[in-house]
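Biologist: Can you walk me through this chain? I will ask as I go.

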Amino acid sequence: MDKIEKIFANNQQWVTEKLAIDADYFENLGKGQNPEFLYIGCSDSRVTAEELMGVQPGEVFVHRNIANMVISIDLNVMSVLNYAVRHLNVNHIIVCGHYACGGVKAAMQSADLGILNPWLRNIRDVYRLHKDELNAITEEEKRYDRLIELNVQEQCVNLIKTAAVQQAHIERGLMVHGWVFDVHTGKLIDLKIDFPHILQDIMEIYKLV
């Protein structure tokens, strides 16, 4: 059995297991979605949102890209954000980075990566904002780990800058969360980003509603 055939065999086994537990599982799944969470994560093949969170289909709306970026001119992530917040009415947005992130590491290499250059430049901007703290970390891997955490924080800030998030926060208390997945231990780490404080701090410049 080749790898593609194996995937379809796995799918059939999954269907069988779900129906054995609940005969109406897929009928109910087809009725619509009502997720509580929007998850913005990395495209890395080791980091699967539903599995690491222990949730089922229909519980999390997911967007993934290289290094879990929230870039204001990226129509993909902005479309996902607006649909999740204004139509699905999620109450929590999670930005989840992960240690050993190839995108973050690539951004810090002196190399021409072609089409990736403008995307990774956004991570370089994060480094520039936090240069003093990062340059004080002498061990390279620990510096990368900290940059991964700070990148999550800055993407949370980018979310907070948007009108959709600001309006939902006022109307129903939507919250933004910054997490990191430790690929070495399997644990999720809450960076405990102070959403209300950041919101208050940037409103002078970024208030839209």
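Biologist: Is strand β3 mostly covered or exposed?
Modeller: Covered, mostly: β3 spans residues 92-98, and six of its seven residues are buried. Buried means under 20% relative accessible area with a 1.4 Å probe and protein chains only, while exposed means over 50% and partly exposed lies in between. Strands are DSSP runs of E with at least two residues, helices are runs of H or I with at least four, and both are numbered from the N terminus.

Biologist: What is this based on?
Modeller: This is a predicted model, where local features need pLDDT of at least 70 and side-chain atom pairs count only at pLDDT 80 or more, though totals for chains, interfaces and linings use all residues. Residues are numbered from 1 along each chain as its sequence is written, and side-chain values use heavy atoms, with hydrogens and water left out.

Biologist: Which strands pair with β3?
Modeller: Strand β1 (residues 37-42) pairs with β3 in the parallel sense over five bridges. Strand β4 (residues 175-181) also runs parallel to β3, joined to it by seven bridges. Two strands count as paired if DSSP finds at least two bridges between them.

Biologist: What stands opposite Val95?
Modeller: Ile40 stands opposite Val95 of β3, and in β4 the bridge partner of Val95 is Gly178.

Biologist: New topic. How many residues are in the largest nonpolar core?
Modeller: That core has 47 residues, and Leu38, Ile93, Leu159 and Val176 have the most contacts inside it. Helix α8 (residues 140-160) gives the most to this core, with eight residues. A nonpolar core is a set of buried Ala, Val, Leu, Ile, Met, Phe, Trp, Tyr and Cys residues joined through side-chain atoms within 4.5 Å.

Biologist: And what does Val176 touch?
Modeller: Leaving aside neighbours within four places in sequence, Val176 is in contact (heavy atoms within 4.5 Å) with Ile93, Cys156, Leu159, Ile160, Val165 and Phe195. There is also a second, separate core of eleven residues, which includes Tyr39, Val47, Trp179 and Phe181.

Biologist: Val165 is in a helix, then. Which residues of α9 are buried?
Modeller: In α9 (residues 163-172), Ala164, Val165, Gln166 and Ala168 are buried. The buried residues of α9 pack against α4 (75-86), β3, α8, β4 and α10 (195-206).

Biologist: What follows α9?
Modeller: Gly173 follows α9, and its phi is positive, near 75°.

Biologist: Last one: how many helices and strands are there?
Modeller: The chain has ten helices and five strands. Of its 209 residues, 39% count as buried.
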